[in-house]
Amino acid sequence: MSRTEQVSRLLRFRFRAMNTDVEVQLAAGREEAEHAAALVKNWFETQEQRFSRFVADSELNRLNRCTGWMPTSAAMDEVLSLAYGYIGQTEGIFQPGISQALRASGYDVSFEQLQQRELQPSGTERRLGIRQSDITDMLRDEYDYSCPRWIQREGSRMVHKDPGTELDLGGIVKGWAVERIADWLQRTLHITAGLINAGGDIQAWGTTLHPMWSVQVTDPYQEERNLIGRIQLRKGAVATSGIVRRQWQNTDGSLSHHLIDPRTMEPADTDVLQCTVLGQHASQCEIIAKTVCILGSAEAVGWLNRHYDRHDVLWMTRDGNTYFRGNTDTLAERWSGFDPDHRFSLI
């Protein structure tokens, strides 16, 4: 995960939402900053109620239960439109239609509850039943994981899912929420410098009157090797994804994690433990980080090159190597303390 150092003359607030820790840093007077932080907290809590698959009456769950056309909120319509584009950009590796596969892998309650729960044999049977009944059809030869599994009627905010499809938007909502509220704070409240960090998905902005943001990147095995380095930026976005910190043990002793490979509908078999992406938009950085983690090192470089991607991307692998693909000319300036084992320049 990523976290940020306190910058002078900034007020800092913390709360928990979307099953993660959210940190807000704002350059403003105390009263103004407290008011803004309260609005940010309300924003995240509202979106959690809208998009969580663990809230029984969330809009997402109502959509998943719907069998025909369903009207959606402006926020749901916006996120689904964004997700539609990212499916194409990632060649289907980002695929929201994985809710059943997540449940089948054991991720059927919030991660906090998952950590506390002692898995019983009956739970294993239940998940295997989900896998057999719900996942088999998605693994047929004719299933195209690279296609969206829903239709949006342009201008009407109406959505229709393919039969049997259940969506999970956890792979995009956090980055989108960070990006949208950061933009609102700048445009509406005119806060000149600030940073929103939701579990490593970060959007930051500032001026030459404020210090550079210093974003710490920690080792996926934090307890063993701790801090790796820092990213320096004036404004922009950073997102980190990985398989180490959000994983659980099954009853047979095997480990599962939350990054589903839509090609197999199983937790991704990957050499990438953690990926951090530097760019301009939190949602896009989040998608790239998750895609690199799912694809693995060899496929990730090819995918990034095929899309002429201009982001800085750094990832760490099981064998302890660090890979960097991005602007090598600014590596020392932007990625303080990093010395990647493998470097790939932009093409």
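I take contact to mean heavy atoms within 4.5 Å, and I apply this to a predicted model.

**Entry: Gly279**

I looked up Gly279 and, leaving out residues up to four places away in sequence, found that Gly279 touches Gly236, Ala237, Cys285 and His311. Gly279 lies in strand β16, which spans residues 272-279. Its relative accessible area is 11%, and because buried means under 20%, I note Gly279 as buried. I also checked Val313, which is 34 residues from Gly279 in sequence, with the two C-alpha atoms 9.0 Å apart in space.

**Entry: nonpolar cores**

I next looked at the largest nonpolar core, which has 69 residues, and listed those with the most contacts inside it: Phe44, Leu169, Ile172, Ile196, Cys275, Val292 and Trp315. Helix α9 (residues 282-295) gives the largest share of this core, 9 residues. Apart from this core I found another, of 19 residues, including Ala27, Leu233, Val238 and Met316. For Cys275, with neighbours within four places in sequence set aside, I recorded contacts that include Ala239, Ala289, Val292, Val313 and Trp315.

**Entry: helices α1 and α7**

I then turned to helix α1 (residues 30-51) and helix α7 (residues 170-187), which pack at an angle of about 150° with their axes 11 Å apart. Since angles over 145 degrees count as roughly antiparallel, I describe α1 and α7 in that way. Their crossing is right-handed. Among the residues that meet, I noted Trp43, Phe44 and Phe51 in α1, and Trp176, Arg180 and Trp184 in α7. The residues of this contact divide into 13 nonpolar, 1 polar and 1 charged.

Conventions
Residues are numbered from 1 along each chain as its sequence is written. This is a predicted model: local features need pLDDT of at least 70, side-chain atom pairs count only at pLDDT 80 or more; totals for chains, interfaces and linings use all residues. Side-chain values use heavy atoms; hydrogens and water are left out. Helices (H or I, at least four residues) and strands (E, at least two) are DSSP runs, numbered from the N terminus. Buried means under 20% relative accessible area, exposed over 50%, partly exposed in between (1.4 Å probe, protein chains only). Axes are lines fitted to C-alpha atoms, for helices over the stretch in contact, and angles run from 0 to 180 degrees between N-to-C directions. Angles under 35 degrees count as roughly parallel, over 145 as roughly antiparallel, 65 to 115 as roughly perpendicular and the rest as oblique. A crossing is left-handed if the near helix is turned anticlockwise from the far one by less than a right angle, and right-handed if clockwise. Ala, Val, Leu, Ile, Met, Phe, Trp, Tyr, Cys and Pro count as nonpolar, Asp, Glu, Lys and Arg as charged, and the others, Gly among them, as polar. A nonpolar core is a set of buried Ala, Val, Leu, Ile, Met, Phe, Trp, Tyr and Cys residues joined through side-chain atoms within 4.5 Å.
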